[in-house]
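The sequence and model come first.

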Amino acid sequence: MAGRTVRLVLLVGVAALASGSQGDREPVYRDCVLRCEERNCSGGALKHFRSRQPIYMSLAGWTCQDDCKYECMWVTVGLYLQEGHKVPQFHGKWPFFRFLCFQEPASAVASFLNGLASLVMLCRYRTSVPASCPMYPTCVAFAWG
């Protein structure tokens with residue numbers, strides 16, 4: 001029983017230490033996101049947001065809340081630069097400008113190429129290794145995981 005309590009206390013302590021990035025903790029950012037969500041992400045304002053949101057953004061899963069976080073990130077970055085501070089991270093990432101629906105286009109291209117290479121290698125594996133091989137199902141399952 002005491003061991004469980006100690007583990008629980010340690011877990012809560014570690015969770016408290018992982019409080020996010022500097023930008024996430026910034027009161028200006030938090031207030032901006034809260035005001036933006038209240039103003040734009042409910043009722044008629046949400047319908048208006050959805051009507052003006054490009055189709056590629058909605059297909060990529062960008063929500064009104066995501067858009068508020070993105071816009072407020074740049075407001076906060078502007079204030080940091082104005083005050084002569086370094087650009088902070090937000091949600092564990094450096095701020096990048098959004099291109100179409102990609103906030104990190106180079107990373108998205110690299111991920112796509114990585115997936116393409118994995119698919120090519122899976123096709124080669126399936127044509128050169130017989131399905132009766134003991135590890136065949138495991139390797140195919142690993143390729144999809």
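A search of the whole structure finds three disulfides, a disulfide being a pair of cysteine sulfur atoms within 2.5 Å. This is a predicted model, in which local features need pLDDT of at least 70 and side-chain atom pairs count only at pLDDT 80 or more, while totals for chains, interfaces and linings use all residues. Residues are numbered from 1 along each chain as its sequence is written, and side-chain values use heavy atoms, with hydrogens and water left out.

**Disulfide Cys32–Cys72**
- Cys32 is joined to Cys72 by a disulfide with an S to S distance of 2.1 Å.
- Cys32 lies in helix α3 (residues 27–40) and Cys72 in helix α6 (residues 64–82), so this pair ties together parts that are 40 residues apart in sequence.
- The torsion about the S-S bond of Cys32 and Cys72 is about -75 degrees, so the disulfide is left-handed.
- Cys32 is buried, with a relative accessible area of 15%, and Cys72 is buried at 1%; buried means under 20% relative accessible area, exposed over 50%, and partly exposed in between (1.4 Å probe, protein chains only).

**Disulfide Cys36–Cys68**
- The sulfur atoms of Cys36 and Cys68 are 2.1 Å apart and form a disulfide.
- Because Cys36 lies in helix α3 and Cys68 in helix α6, the pair ties together parts that are 32 residues apart in sequence.
- The link of Cys36 and Cys68 is left-handed, with -75 degrees about the S-S bond.
- Cys36 and Cys68 are both buried.

**Disulfide Cys41–Cys64**
- Cys41 and Cys64 are joined by a disulfide, S to S 2.0 Å.
- Cys41 is in the loop between α3 and α4 (43–52) and Cys64 is in helix α6, so placed that the pair links distant parts of the chain, 23 residues apart.
- This disulfide of Cys41 and Cys64 is left-handed, because the torsion about its S-S bond is about -85 degrees.
- Cys41 is buried, as is Cys64.

**Cysteines along the chain**
- Counting bonded cysteines along the chain, the disulfide pattern is 1-6, 2-5, 3-4.
- Cys123 is partly exposed, with a relative accessible area of 43%.

**Overall make-up**
- The protein chain has eight helices and zero strands, where helices (H or I, at least four residues) and strands (E, at least two) are DSSP runs numbered from the N terminus.
- Of its 145 residues, 21% count as buried.
- Among contacts (heavy atoms within 4.5 Å) between residues at least 6 apart in sequence, 51% join residues at least 24 apart.
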